[in-house]
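These entries record what I looked up at one contact between two chains.

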Number of protein chains: 4
Amino acid sequence: MKINKYEDISQIEREAKRDYIDRHSAFVSTVGDIKKGEKSIVKIKVGDEYQHPSENDHFISYVQLWEGENMIAQANFSAATMGNAASQVEVDFYIVPAKDTLKLTATAYCTKHGLWQSDELVVEVQQ
Amino acid sequence: MKINKYEDISQIEREAKRDYIDRHSAFVSTVGDIKKGEKSIVKIKVGDEYQHPSENDHFISYVQLWEGENMIAQANFSAATMGNAASQVEVDFYIVPAKDTLKLTATAYCTKHGLWQSDELVVEVQQ
Amino acid sequence: MKINKYEDISQIEREAKRDYIDRHSAFVSTVGDIKKGEKSIVKIKVGDEYQHPSENDHFISYVQLWEGENMIAQANFSAATMGNAASQVEVDFYIVPAKDTLKLTATAYCTKHGLWQSDELVVEVQQ
Amino acid sequence: MKINKYEDISQIEREAKRDYIDRHSAFVSTVGDIKKGEKSIVKIKVGDEYQHPSENDHFISYVQLWEGENMIAQANFSAATMGNAASQVEVDFYIVPAKDTLKLTATAYCTKHGLWQSDELVVEVQQ
């Protein structure tokens, strides 16, 4: 088992490879304010410009949200979550930050093409 | 193992019981339009007027989203998700409806007080 | 969402119904000694006389082991776990009993036919 | 997020480091025959010579079984699975091999010390 890392697709020539990498890549972002001790939203999305299939033998079956070495939330999906349609899997987690800085990474698992890890997003938490 | 069902707390006299039932109850709702074949948002929230602890020996460790007899998504949490603070666990799932009517229920599992099931929410999907 | 309960198939006349109920039913049993404070084995098996499909659109995707109202372990599977062959899903959990009596139930989730719950197995733990 | 890899503890001088590495390491092994198309047992165990705590704020919360790039089974635990006692987390998965060669790896997640990956075990499947 290995972890596939995010690659900047603007640096990739071949269209098929750009599509392959983009649609498997997990992206982690914040929505609105991230405040210490208050409920704050972290979004995980799989794929940015391209869509991943949601077929019974080929779909994104889970994403995980990590803060440093700690997994703080996980969402499991089935092909039916996406209506068996190609799409970009997405989930919004509501977390309560307890630290001054969050080091967030997301992972996504494709049932055919294995485990993918996002770049780390460093978030300065508002006091 | 049994499933605890939602009870309307306005019908409950004793404050401690209202708190106990409300903070464990899962609520399922839609956010914005629910359109056939398009990404649509379903929110699960645990607790409405009251907050549930998020302590290492007592927290909401997962919620599930069901459509009829099929589980379409699950989110797992740790006490750290909520910063070990009392709160109302919350997650937004993005689903793509493939049917004309969705029969949504949510379940929530408390590590001390077991499994809880929401009322069913019937959603007429826009075409 | 509802929980389907175990039914004694010897009391069921129609062969198709016996097959349907048996292959979805979760069975919980102990293997060897169950000793307080020592690692002890609890088996969950889905189906007894009949086999359940393991196809990408129809398989047993998880089983849970409950002690009273507390979920103490869960195993998730894919159709590939069973090599996409009809079989009886099975897993052995190693637990360390901390109580004098265990009240064990198992649940099994079929991606087509929903959630099933075993009878409760009461185990007197050896001291 | 990073994956900690197995290290041969016989090559490590410092006792505390040997303990730290051993008790977090996932080990994957087979039990009995591994036959094509027949139910076969794969064991995952966390820790070999040393034991890991099972406390509410520090326990092994899941292990995964991978075959090449595909996750074929996962088990989730709580501190209560091990009766809150230090131990070596263990689970036996029953799989049905569909290939001639299995490339098995196990991962284990500690709620304090992150994700650990076993060495790969190559298994020639009996026909």
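Entry 1, strand pairing. In this predicted model, I find that strand 6 of chain C, residues 90–95, pairs with strand 6 of chain D. The sense is antiparallel, and the pairing runs over three bridges. I looked up one position along it: C:Val91 stands opposite D:Phe93, a residue of strand 6 of chain D.

Entry 2, salt bridges. I then searched the interface of chain D and chain C for salt bridges, and the rule finds two. One that I noted is formed by D:Lys39 and C:Glu90, with the closest N and O atoms 2.6 Å apart. I also looked up polar contacts, for which the rule finds 17 residue pairs across the interface of chain D and chain C, both residues at pLDDT 80 or more.

Which elements of chain D give two or more residues to the side that touches chain C? I list strand 3 (40–46), strand 5 (70–77) and strand 6 (90–95). Strand 5 of chain D gives the most to this side, with seven residues. Sorted by class, the side of chain D that touches chain C has 14 nonpolar, seven polar and five charged residues.

I looked up how many residues each chain brings to the contact: chain D gives 26 residues and chain C gives 26 residues. The size of an interface is often expressed as the accessible area lost when the parts come together.

How values were computed: Residues numbered from 1 in each chain as written. Chains lettered and ligands numbered in written order. Predicted model: local features only at pLDDT ≥ 70, side-chain atom pairs only at ≥ 80, totals over all residues. Heavy atoms only, no water. Contact = heavy atoms within 4.5 Å. Salt bridge = Lys/Arg side-chain N within 4 Å of Asp/Glu carboxyl O. Polar contact = N/O pair within 3.5 Å; in protein donor to acceptor, adjacent residues only side chain to side chain. Helix = DSSP H or I, 4+ residues; strand = E, 2+ residues; numbered from the N terminus. Nonpolar A, V, L, I, M, F, W, Y, C, P; charged D, E, K, R; others polar. Pairing = 2+ DSSP bridges.
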